[in-house]
Amino acid sequence: MSLQNMTKTELSAFRDEAKKQYEDFKALGLKLDMSRGKPCKEQLDLSLPMADILNSSSSYIDADGIDVRNYGFLTGISEAKQLFADLLGVDPSMVIVGGNSSLTLMYDSVARAMQFGVYGSEKPWCKYDKVKFLCPVPGYDRHFGVTETFGVEMINIPMSPTGPDMDMIEKLVSEDETIKGIWCVPMYSNPDGYTYSDETVKRFAALKPAAKDFRIFWDNAYCVHHLKDDHDSLLNIFDEAKKCGNEDMIFEFASTSKITFPGAGVAVLVASENNVQQITKLLGMQNISYDKVNQLRHVRYFKNADGVRAYMEKHKAILAPKFDMVIDILTKQLGGLDILTWNVPKGGYFISVNTLNGCAKEVARLCKEGGVVLTGAGATYPYKKDPDDKNIRLSPSYPSLDDLAKAMELFCICVKLASAEKLLAE
Ligand SMILES: Cc1ncc(COP(=O)(O)O)c(C=O)c1O
């Protein structure tokens, strides 16, 4: 029965029952962490053979005859460029292979733009009184952290299952020259798990921003991270942008953090020839070589893009049961109560849920005191301010199935308790 239709007496009884269950759970002394989308140990162990793949002096020589242990080849070895180019459907000349983290490449891209501008900038972004970024919400907390660090003003853009509100984006970017960028996670978005529709990608590719140096930060972190056989697919934004003469407007990012090792993977920045030239010149002052040994290890291990895709099936086999279990518990415990909505993603690392307005912080607090740490409520919004205090990002990947089941039981009890308290107070 919907909690909205209960009498005060029924609601009180519901609340008391939830409270009793909560106290029982608290007594178990759980200590579980569901706060970040980290791969679990079994997933990390999948890539162990990669560590031994370069086992003699000659194995460090790549296909071009380069000894990858030495300095040089700043933008990456050509075999690695080819692998990522094939995965992302771009030309290898557009790929800069970096270190282990795409977030670092994103941070550096914003830092470079602030300090020096991007290709086509009249002046560095820091020379403007104000620089603004559009932020589809809910979104990835670390994106918002990067722009907040540089004092960039962030504007919320509502998300929908087809992507962010394009009417709003088109209007805002066409009117305001100080809007210099937008954060996008176009496939299996963090946290909603939405994949942008073809129309959304086409509209992004055809944007006509007032700022000639506007950039779309296209963070394709989950490009091969499917959870279902009937998975989503994403239109290639560079193909579309080419048709509109807009290739310079896009910075695409990806990494193997959730393919091999988050702490020791390989990340890439993909951009037009003009952008690559401008970036490489500045990168050359910062670095002489990224970790080419790791690049070669990855290439030798996967061989090609199909090798990566086939390998992702192993991750799917570990992750899909965890996601299925979360959805199952939510449905059984909360279905029909009208106090929580949730997405059922076909890929990525998160399940995004919405409580009744004003309940997310309380649910996260109750969970923490009950022994389960969630991603902080509000974290999915710029400045950690969820205007409705309703969104929570669940990360099912790291805990074992047993722990996950306990954590989700507690989560559902907390949602019941917080919702009943809220409705009783109204
Ligand atoms: C959307 C998104 N982008 C980037 C990252 C981090 O990527 P990397 O490990 O390559 O820095 C994450 C990690 O959760 C993410 O969710």
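Colleague: At what angle do helix α12 and helix α13 pack, and how far apart are their axes?

Modeller: Two packed helices are described by the angle between their axes and the distance between the axes. In this predicted model, where local features need pLDDT of at least 70, side-chain atom pairs count only at pLDDT 80 or more, and totals for chains, interfaces and linings use all residues, α12 (residues 360–370) and α13 (residues 401–425) pack at about 135°, their axes lying 9 Å apart. Residues are numbered from 1 along each chain as its sequence is written. Helices are DSSP runs of H or I, at least four residues, numbered from the N terminus, and axes are lines fitted to C-alpha atoms over the stretch in contact, with angles from 0 to 180 degrees between N-to-C directions.

Colleague: Which word describes how α12 and α13 lie to each other?

Modeller: They are oblique, since angles under 35 degrees count as roughly parallel, over 145 as roughly antiparallel, 65 to 115 as roughly perpendicular and the rest as oblique.

Colleague: Which residues make the contact?

Modeller: Taking two residues as in contact if their C-beta atoms, placed from the backbone, lie within 7 Å, α12 contributes Glu362, Val363, Leu366, Cys367 and Gly370, while α13 contributes Leu410, Phe411, Cys414, Val415, Leu417 and Ala418. By class, the residues of this contact are nine nonpolar, one polar and one charged, where Ala, Val, Leu, Ile, Met, Phe, Trp, Tyr, Cys and Pro count as nonpolar, Asp, Glu, Lys and Arg as charged, and the others, Gly among them, as polar.

Colleague: How many helices and strands does the chain have?

Modeller: The chain has 13 helices and 13 strands, a strand being a DSSP run of E with at least two residues, and its C-alpha trace spans about 75 × 55 × 35 Å along the principal axes.
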